[in-house]
Amino acid sequence: MINDDHNQLAHPISDDPKTPLLPVHGEPVLQRKLSFRSSLSSIFTLKNFYILLGPLLSTIVCLFVKLDGPVTSTNMLAILAWVFAWWLTEAVPMPVTSMSPLFLFPLFGISSADHVAHSYMDDVIALVLGSFILVLAVEHYNIHRRLAFNITILFCGDPLNPPLLLLGICATTAFVSMWMHNVAAAVLMMPVATGIMQRLPTGPIQSDVENKFCRAVILGVIYSTAIGGMSTLTGTGVNLILVGMWKKYFPNEEPISFNKWFFFGFPFAFLLLIALWVILCLLYCSRGSGRALSAYLDKSHLRRELELLGPMAFAEKMVLAVFSILIVLWMTKSITDDIPGWGVLFNGRVGDGTVSVMMATLLFIIPNKKEKGEKLMDWNKCKKLPWSLILLLGAGFAIAEGVESSGLANVLSETLDFLERAPYLAIAPAVCLISSIITEFITSNNATTTLVVPLLIQIAKSMHLHPLLLMVPGAIGAQFAFLLPTATPSNVVGFTTGHIEMKDMIKIGLPLKIAGIAALSLLMPTLGAYVFETNKDV
């Protein structure tokens with residue numbers, strides 16, 4: 001009865017017999033047409049086109065592309081078309097795209113569901129997880145602000161000189177990366193970079209000059225990490241793989257020592273770092289930007305704020321001590337073949353991720369001496385762990401594994417046969433260019449090196465060239481992963497800060513890649529010939 005009364009009140013019944021029983025809204029024809037058009041326009045949007053672009057490109061590859069390899073190689077190329085179309089257009093959120101290999105690989109016959117899922121948790125991901133827990137501790141105790149103030153005061157100049165400050169950030173990052181893993185260096189320096197940027201306005205009130213400077217700082221840290229790792233033998237795994245392959249294939253030749261690589265790698269990295277700084281200043285950080293930024297990065301204000309932080313407390317000192325021990329353990333786990341490091345005590349079973357998680361665990365054990373029973377870290381402080389980064393890394397490793405297991409890697413490597421007909425002076429830049437292109441699509445620079453260098457050795461033998469003339473450009477080119485956020489884990493660390501977009505990486509990464517190839521083309525036949533003695537017969 002209550003419902004009937006309510007309906008009668010909502011739609012009063014008229015006594016007129018001509019009144020229809022059901023209400024008629026009398027919507028005009030024009031209004032219906034407009035409603036239909038608006039519904040169509042909501043369907044045929046650019047975003048929806050981008051969503052369809054991935055499956056469409058994948059279908060085109062499967063139907064019309066025939067590779068000289070197994071069917072799985074074509075299927076893997078189709079998956080790459082789908083995933084990278086979604087990554088480049090951001091048709092769906094990037095973490096969601098990163099999960100797509102979990103269903104695409106089994107559906108396209110690349111690997112089983114269990115096998116592809118293993119790619120989403122390995123030693124590198126454990127390294128990132130442990131490192132980020134340490135970074136969260138650094139941020140919680142404001143240690144990154146203390147470091148940021150000191151670096152800014154040292155390099156900002158008086159009056160403020162933004163290009164000089166940017167050079168200081170890049171040089172510091174490159175120096176740190178010379179002695180530790182690239183991902184670890186990026187994880188260590190990114191909070192310092194964001195600590196500097198915290199002084200600047202955010203959101204709608206942020207000016208274009210301030211926004212560009214923030215982008216320049218993040219891009220500087222990302223690329224300086226890669227550049228610093230190139231300069232020393234232990235700076236990145238790629239250099240160690242190169243040395244190992246040289247010793248394996250040519251056991252009677254003099255091995256590449258730490259000093260020998262440094263004499264070539266450091267001058268090359270120095271040139272590339274200067275090129276990076278010039279590119280960033282030209283595109284993002286002009287000298288005239290000092291006036292706009294001086295209100296937030298004034299040296300006297302920075303000194304006052306550093307003093308307000310007061311002396312370091314016990315908790316800060318312990319977090320720094322744990323971080324320092326972690327860096328030493330990373331650096332000394334595996335040094336060279338002559339000095340193997342402490343890793344040999346465990347027969348090579350210990351990885352960088354093992355050490356990272358072990359040291360992060362200490363933060364949940366050591367008291368902070370602020371409140372009774374309270375530790376340096378608790379799990380509530382870890383809620384900000386970058387799970388989107390974990391998924392992105394997992395996708396990259398899954399793709400690298402899929403490219404190898406599907407046979408697509410062999411198809412790609414066979415395309416290098418044309419180098420046998422290339423002029424002598426064009427060999428180094430050609431090898432470096434090809435290696436740098438391949439590494440954009442294989443998240444592991446180590447995997448690219450492992451794929452390309454053995455083929456380059458065979459080509460060098462057939463051309464009667466010294467193998468290092470091809471091996472060194474191939475290995476260094478594998479580290480030119482400058483264009484895509486998924487190209488290397490350190491890129492992902494910077495990309496997940498939210499301060500840069502993919503177009504920023506392409507805008508800086510492309511001229512930096514060209515500068516790197518040019519620098520290598522200059523140094524390899526000159527300094528490289530002297531250091532590696534490429535004039536001798538092998």
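# Briefing on a predicted chain: burial, helices and contacts

Cys-170 is buried, its relative accessible area being 0%, where buried stands for under 20% relative accessible area, exposed for over 50% and partly exposed for what falls in between, computed with a 1.4 Å probe and protein chains only. The model is predicted, so that local features need pLDDT of at least 70 and side-chain atom pairs count only at pLDDT 80 or more, while totals for chains, interfaces and linings use all residues. Residues are numbered from 1 along each chain as its sequence is written, and side-chain values rest on heavy atoms, with hydrogens and water left out.

**Cysteines**

- The structure holds 0 disulfides, a disulfide being a pair of cysteine sulfur atoms within 2.5 Å.
- Cys-170 takes part in no disulfide, and the nearest cysteine sulfur, which belongs to Cys-281, is 8.3 Å away.
- Cys-432 is another buried cysteine, with a relative accessible area of 0%.

**Helices and the nonpolar patch**

- Helix H23, which runs over residues 468-477, is mostly covered, since 10 of its 10 residues are buried; helices here are DSSP runs of H or I with at least four residues, numbered from the N terminus.
- The buried residues of H23 include Leu-468, Leu-469, Leu-470, Met-471 and Val-472, and among them are also Pro-473, Gly-474, Ala-475, Ile-476 and Gly-477.
- Phe-266, Phe-270, Leu-271, Ile-274, Val-278, Leu-282 and Leu-283 make a nonpolar surface patch of about 610 Å²; a patch of this kind takes residues with over 30% relative accessible area and no salt bridge, joining nonpolar side chains (Val, Leu, Ile, Met, Phe, Trp, Tyr) within 5 Å and like charges within 9 Å, with accessible areas from the Shrake-Rupley method and a 1.4 Å probe.

- Ser-406 lies in the loop between H19 and helix H20 (408-414), and Ser-406 is buried, with a relative accessible area of 2%.
- A polar atom of the Ser-406 side chain lies 2.7 Å from the backbone oxygen of Gly-402.
- Gly-407, which follows H19, has a positive phi near 95°.

- Most residues other than glycine have a negative phi.
- Lys-369 is not a glycine, yet its phi is positive at about 60°; Lys-369 is found in the loop between helix H18 (352-362) and H19, and counts as exposed at 63% relative accessibility.
- Glu-533, likewise a residue other than glycine, has a positive phi near 50°; Glu-533 is found in the segment after helix H25 (502-531) and is partly exposed, with a relative accessible area of 32%.

**Salt bridges**

- The count comes to 7 salt bridges, where a salt bridge is a side-chain nitrogen of Lys or Arg within 4 Å of a carboxyl oxygen of Asp or Glu.
- One of them joins Glu-316 and Arg-146, whose closest N and O atoms are 3.2 Å apart; because Glu-316 lies in helix H17 (residues 314-333) and Arg-146 in helix H9 (residues 143-155), the pair ties together parts that are 170 residues apart in sequence.
- Both Glu-316 and Arg-146 are buried.
- The side chains of Asp-378 and Lys-381 also meet in a salt bridge, at 2.8 Å from N to O, with Asp-378 partly exposed at 30% relative accessibility and Lys-381 buried at 17%.
- Glu-440 forms a salt bridge with Lys-513, the closest N and O atoms being 2.8 Å apart; this pair links distant parts of the chain, 73 residues apart, with Glu-440 in the loop between helix H21 (424-439) and helix H22 (445-463), and Lys-513 in helix H25.
- Glu-440 counts as buried at 4% relative accessibility, and Lys-513 counts as buried at 6%.

**The segment after H25**

- Lys-536 lies in the segment after H25 and counts as exposed at 52% relative accessibility.
- The C-alpha atoms of Lys-536 and His-466 are separated by 7.6 Å, although the two residues are 70 residues apart along the chain.

How values were computed: Helix = DSSP H or I, 4+ residues; strand = E, 2+ residues; numbered from the N terminus. Polar contact = N/O pair within 3.5 Å; in protein donor to acceptor, adjacent residues only side chain to side chain.
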